[in-house]
Amino acid sequence: MSVLVCITGRNNEKLMAKLQDALPDVELKLWPHCDDLESVKFVLAWKAPQELWQKLPNLKVVQSFGAGVDGIPMSILPSGTVVARIIDPQLSDDMAEYVLSHALAHKLRHQNYCAEQAKKNWKPRRARKGVTAGVLGLGELGKAVAQRLSDNGFTVRGWSRSAKQLDDIACYYGEAQLASFASGLDYLVCLLPLTDSTHGVLNRQLFQNVSNDCLLINVARGQHLNEQDLIDALNEQELGGAVLDVFTTEPLPEKHVFWSHPKVTVTPHIAAVTNLDTVVAQIAGNIRACFTGAPIKNGVDVTQGY
Ligand code: NDP
Ligand code: OXD
């Protein structure tokens with residue numbers, strides 16, 4: 001059995017060294033240096049090229065290098081392949097901090113004061129009053145974000161696929177409750193996985209339910225957002241602003257309107273970055289489990305796509 005690491009767009013030297021330290025007896029191959037794809041049973045993947053997946057007839061486990069699994073085309077994997085992802089309290093904590101910091105910055109009008117400073121304008125204003133925040137997705141990250149916002153004085157709602165009961169969070173679920181969930185929100189955070197059902201969920205219809213001063217924070221995937229709907233909603237004062245960490249095309253193209261829109265804050269997909277020190281043991285554990293037939297941890301439901 002062989003293990004293939006196929007992570008593109010980053011330098012994998014440290015990861016390979018740490019994984020090899022954790023698994024001294026295992027031969028790890030790093031894409032594209034693998035001439036025997038037929039023997040591969042375990043793939044650690046992130047932004048793997050599409051052509052790879054067709055060439056792995058004996059695949060048993062795909063481990064995402066991140067929390068999301070949308071880059072793994074589950075429908076074409078050999079039947080029975082287990083797909084696992086990263087679940088890490090540090091990732092949830094980082095995400096909660098990112099969202100809270102941007103929500104507070106909007107409340108306290110930090111961006112306005114930066115713009116006023118550039119013009120040498122002394123223009124004091126009160127903080128924004130609205131504190132109702134809604135989190136789309138109440139999974140590992142969404143729950144942590146909802147709790148952090150609630151702990152910091154926000155009134156929080158959450159929306160998920162199945163019904164939930166959480167302390168301090170008003171829980172909504174399913175399509176039928178989406179409009180009530182969104183009604184009058186001052187902050188709208190997206191932490192849904194990208195699936196056929198969530199693609200394009202951040203659209204004009206949803207924006208028309210929230211308050212006109214609402215801050216959208218998209219930290220899930222770029223494809224959740226209808227970009228033109230966002231620009232129209234911002235330009236027509238239907239939304240107060242947007243913080244975007246994820247984009248349909250990453251890196252965000254130089255000419256993209258988001259870079260210079262006065263109501264948009266762009267960050268380069270850094271809201272919660274997979275931490276080598278905390279995840280290597282988790283990944284190595286799943287590689288060992290694949291060898292021994294033990295249960296794989298943090299598997300997703302391949303029929304639901306998350
Ligand atoms: P989880 O799988 O733990 O949670 C997903 C949540 O979304 C669940 O509450 C689920 O509902 C809900 N959901 C799924 N489909 C629907 C639907 N059709 N309608 C309503 N709710 C739905 O995911 P995580 O919290 O771990 O991660 C969320 C996403 O965050 C990742 O998929 C990834 O894209 C993104 N991410 C971004 C990062 C960044 O740096 N920007 C870093 C890490 C992740 P239910 O509970 O009922 O199943
Ligand atoms: C992830 C991400 O899914 O970084 O982990 O986006």
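An oxygen atom of ligand 2 sits 2.6 Å from an N or O atom in the side chain of His269, which makes this a polar contact (a pair of N or O atoms within 3.5 Å; within protein, one must be able to donate a hydrogen and the other to accept it, and residues adjacent in sequence count only if both atoms are side-chain atoms). Taken alone, ligand 2 exposes 210 Å², and the protein buries 86% of that; such areas come from the Shrake-Rupley method with a 1.4 Å probe, and for residues, only the protein chains shown count as cover.

Keep in mind that this is a predicted model: local features need pLDDT of at least 70, side-chain atom pairs count only at pLDDT 80 or more, and totals for chains, interfaces and linings use all residues. Residues are numbered from 1 along each chain as its sequence is written, chains are lettered from A and ligands numbered from 1 in the order in which they are written, and side-chain values use heavy atoms, with hydrogens and water left out.

**Around ligand 2**

- Which residues surround ligand 2? They are Trp46, Gly66, Ala67, Gly68, Arg221, His269 and Ala272, where being near takes a heavy atom within 4 Å.

**Around ligand 1**

- Ligand 1 has 29 residues around it, and the closest are Arg85, Leu141, Ser162, Lys164 and Tyr306.
- Polar backbone atoms feature here too: one of Leu138 is 2.9 Å from an oxygen atom of ligand 1, while one of Arg161 is 3.0 Å from a nitrogen atom of the ligand.
- Val219 also has a polar backbone atom 3.0 Å from a nitrogen atom of ligand 1. On its own, ligand 1 has 940 Å² of accessible area, and the protein covers 92% of it.
- Which element gives the most to this shell? That's α5, with three residues; helices (H or I, at least four residues) and strands (E, at least two) are DSSP runs, numbered from the N terminus.
- Both α5 (140-151) and β7 (155-160) supply at least two residues each.
- The shell around ligand 1 splits into 14 nonpolar, nine polar and six charged residues.

**Charged residues in loops**

- Look for Arg128 in the loop between α4 (110-118) and β6 (132-136). Arg128 counts as buried at 12% relative accessibility, since buried means under 20% relative accessible area, exposed over 50%, and partly exposed in between (1.4 Å probe, protein chains only).
- A polar atom of the Arg128 side chain lies 2.6 Å from the backbone oxygen of His106.
- Glu238 is in the loop between α8 (227-235) and β11 (241-244), and is buried with a relative accessible area of 17%.
- The side chains of Glu238 and Arg204 make a polar contact at 2.9 Å.

**Cysteines**

- How many disulfides are there? The count is zero, going by the rule of two cysteine sulfur atoms within 2.5 Å.
- Cys34 is in no disulfide, and the nearest cysteine sulfur, that of Cys6, is 9.7 Å away.
- Cys34 is buried at 11% relative accessible area, whereas Cys114 is exposed at 52%.

Terms used. Nonpolar A, V, L, I, M, F, W, Y, C, P; charged D, E, K, R; others polar.
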